Amino acid sequence: MPEEALIVVDMQRDFMPGGALPVPGGDKIIPKVNEYIKTFKERGALIVATRDWHPENHISFKERGGPWPRHCVQNTPGAEFVVELPADVVIISKATEPDKEAYSGFEGTNLADILRERGVRRVYICGVATEYCVKATALDALKHGFEVYLLRDAVKGINPEDEERALEEMRKAGVKIL
Ligand code: VGL
Ligand code: ZN
């Protein structure tokens, strides 16, 4: 049983430059994330990929009074992954209900159960956006009792100052920043 999991957060086309809700430089971490997927796979870790997977009328969209432009709509090109995932990847779709926002990969999903069933104790996190879905996922992983490591060179934030604050908040909560 794998003791470790790599959680790749929301590496989707809409979060890359040219997408609907771009994380500046989000594409710059793609090679790093691909490298981590490969090396973690080689050392027997479980590979998990979360995806933002919104219905067309999601509450977080501006047309419904939310903060974001329409993004990562289910089964559209913008919701596709931009990294190379192994055949046995565990895909976790989140924020799939019209009236519920979910930044964390644990919120409204069975991610915690899957990790526990597979014997995972330590999770390593990479992806976007640092101050939103990455942070929420890391803090929830701690709450569920996992040891949490953040792969600093394979995350990217929307705003550099918010990203720094998020890293500090995660550090204080007990996330180990690598
Ligand atoms: C995200 C904003 C809206 C994220 C998702 O993946 O960090 N940010 N939806
Ligand atoms: Zn979203």
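## Helix α3

Helices (H or I, at least four residues) and strands (E, at least two) are DSSP runs numbered from the N terminus. The expected span of a helix is 1.5 Å times one less than its number of residues. In this predicted model, helix α3 covers residues 130–143, and its 14 residues should therefore span 20 Å; the end C-alpha atoms lie 18 Å apart, which agrees.

Of the 14 residues of α3, 11 are buried (under 20% relative accessible area with a 1.4 Å probe, protein chains only). Among them are Cys133, Val134 and Leu139. The buried residues pack against β1 (4–9), β3 (90–94), β4 (122–128), β5 (147–156) and α4 (160–173), with contact meaning heavy atoms within 4.5 Å. Just after α3, Gly145 has a positive phi of about 90°.

## Nonpolar cores

A nonpolar core is a set of buried Ala, Val, Leu, Ile, Met, Phe, Trp, Tyr and Cys residues joined through side-chain atoms within 4.5 Å. The largest has 30 residues, and Leu6, Met11 and Val33 have the most contacts inside it. Helix α1 (30–42) gives the most to this core, with five residues. Leaving aside neighbours within four places in sequence, Val33 is in contact with Val8, Met11, Val83, Cys126 and Ala154. A second, separate core of 28 residues includes Ala5, Ile114, Leu115 and Leu150.

## Basis of the values

Residues are numbered from 1 along each chain as its sequence is written, and chains are lettered from A and ligands numbered from 1 in the order written. Local features need pLDDT of at least 70, side-chain atom pairs count only at pLDDT 80 or more, and totals for chains, interfaces and linings use all residues, while side-chain values use heavy atoms, without hydrogens and water.

Key:
Buried means under 20% relative accessible area, exposed over 50%, partly exposed in between (1.4 Å probe, protein chains only).
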